Each structure stands twice: as structure tokens, then as C-alpha cells.
Amino acid sequence: MKPDKVFALTFASVYPHYVKKAETKGRTKEELDEIIRWLTGYSEAGLAKVINDKVDLRTFFEKAPKMNPNTHLIKGVVCGIRVEDIEDPLMQKIRYMDKLIDELAKGKKMEKILRSSE
């Protein structure tokens, strides 16, 4: 899928897939939401609002209250591409989210997923 098409997807359209991926692997929607809030700075109410308003992924990340300063610690491969090497800032943010959700689904502990610089 071309980047412009990915950016135009609504967060509300991909969110149920993230929930299903997490729950299928024995994780919870609450853990998923915690990861998304850690990454973007959205509150619970803010996250619910962007889902209800059906904002696209570009807007979802542009309006994110505060991207976590530790995103630079997210490393690894998503869809065959190293997330730390992605040049487009928006695509990199999307792939950061994908990487964190993959880690959740693979059973990684929350304290490892929610990286800290300590």
C-alpha cells in the first residue's frame, strides 16, 4: 500500500485490528491502549475521541499531544523494514506503533515495551 493511502486510513478502521491482534494473543485492550497512550500522549478520553471522530492516521499523529521522547529506543523490523531506518517521519511513527503492538502480541512484558531511558 502506498504511503498516501496508509496515511489516509482512519485510526478507527485499524484500531479494531490492533485490539483483535492483542486479544487473540491473550493480551488486553487496556494494555493496547496504554501502549498507544505512552507513544502518543493521548489521554483515555482523547483516544476515544479520535476513534469516534474517525480521524486519519496523518491527523492522529499530527494532533498527538506529545510523542514519547523515548521513541528513539524503539528498534526492530516491521514488514521487513527496520523502524529506526524509516526516513518519512509519519510512516516511522506508524511503524513504531505497529512494532509496539507486535511486541505486545508476542508476550513481551509491558515494562519492556514501554521503554525508558534508564
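The model is predicted, so local features need pLDDT of at least 70 and side-chain atom pairs count only at pLDDT 80 or more, while totals for chains, interfaces and linings use all residues. Residues are numbered from 1 along each chain as its sequence is written, and side-chain values use heavy atoms, with hydrogens and water left out. Helices (H or I, at least four residues) and strands (E, at least two) are DSSP runs, numbered from the N terminus.

**Helix packing**

- Two packed helices are described by the angle between their axes and the distance between the axes. Here the axes are lines fitted to C-alpha atoms, for helices over the stretch in contact, and angles run from 0 to 180 degrees between N-to-C directions.
- Helix α2 (residues 11-24) and helix α3 (residues 29-40) cross at roughly 125 degrees, and their axes come within 9 Å.
- α2 and α3 are therefore oblique to each other (angles under 35 degrees count as roughly parallel, over 145 as roughly antiparallel, 65 to 115 as roughly perpendicular and the rest as oblique).
- On the α2 side, Phe11, Tyr15, Tyr18, Val19 and Glu23 meet Lys29, Leu32, Asp33 and Ile36 of α3, where contact means heavy atoms within 4.5 Å.
- Sorted by class, the contact of α2 with α3 has 6 nonpolar, no polar and 3 charged residues (Ala, Val, Leu, Ile, Met, Phe, Trp, Tyr, Cys and Pro count as nonpolar, Asp, Glu, Lys and Arg as charged, and the others, Gly among them, as polar).
- α2 also packs with helix α4 (residues 44-52), at an angle of about 115 degrees and with the axes 8 Å apart.
- Phe11, Ala12 and Tyr15 in α2 meet Leu47, Val50 and Ile51 in α4; this contact has 6 nonpolar, no polar and no charged residues.

**A buried leucine**

- Leu39 sits in helix α3 and counts as buried at 0% relative accessibility (buried means under 20% relative accessible area, exposed over 50%, partly exposed in between, with a 1.4 Å probe and protein chains only).
- Beyond its neighbours within four places in sequence, Leu39 is in contact with residues including Phe61, Met67, Ile74, Tyr96 and Leu100.
- Leu39 and Leu100 are 61 residues apart along the chain, and their C-alpha atoms are separated by 8.9 Å.

**Aromatic rings**

- The structure holds 4 aromatic pairs (rings of Phe, Tyr and Trp, its six-membered ring, pair if their centres lie within 6.5 Å; planes under 30 degrees apart count as stacked, over 60 as edge-to-face and the rest as tilted).
- One of them is Phe11 with Tyr15, whose ring centres are 5.6 Å apart and whose planes stand at 40 degrees, so the pair is tilted.
- Phe11 and Tyr15 are 4 residues apart in helix α2, or about one helical turn, and both are buried.
- Phe11 and Phe60 form a stacked pair, with 4.1 Å centre to centre and 5 degrees between the planes.
- This pair links distant parts of the chain, 49 residues apart, with Phe11 in helix α2 and Phe60 in helix α5 (residues 57-62).
- Phe60 counts as buried, at 0% relative accessibility.
- Phe11, Tyr15, Tyr42, Phe60 and Phe61 form one aromatic cluster.

**Positive phi angles**

- Lys54, a residue other than glycine, has a positive phi near 55 degrees. Lys54 lies in the loop between α4 and α5 and counts as exposed at 57% relative accessibility.
- Cys79 has a positive phi of about 55 degrees although it is not a glycine. Cys79 belongs to the loop between β1 (77-78) and β2 (81-82) and is exposed, with a relative accessible area of 61%.
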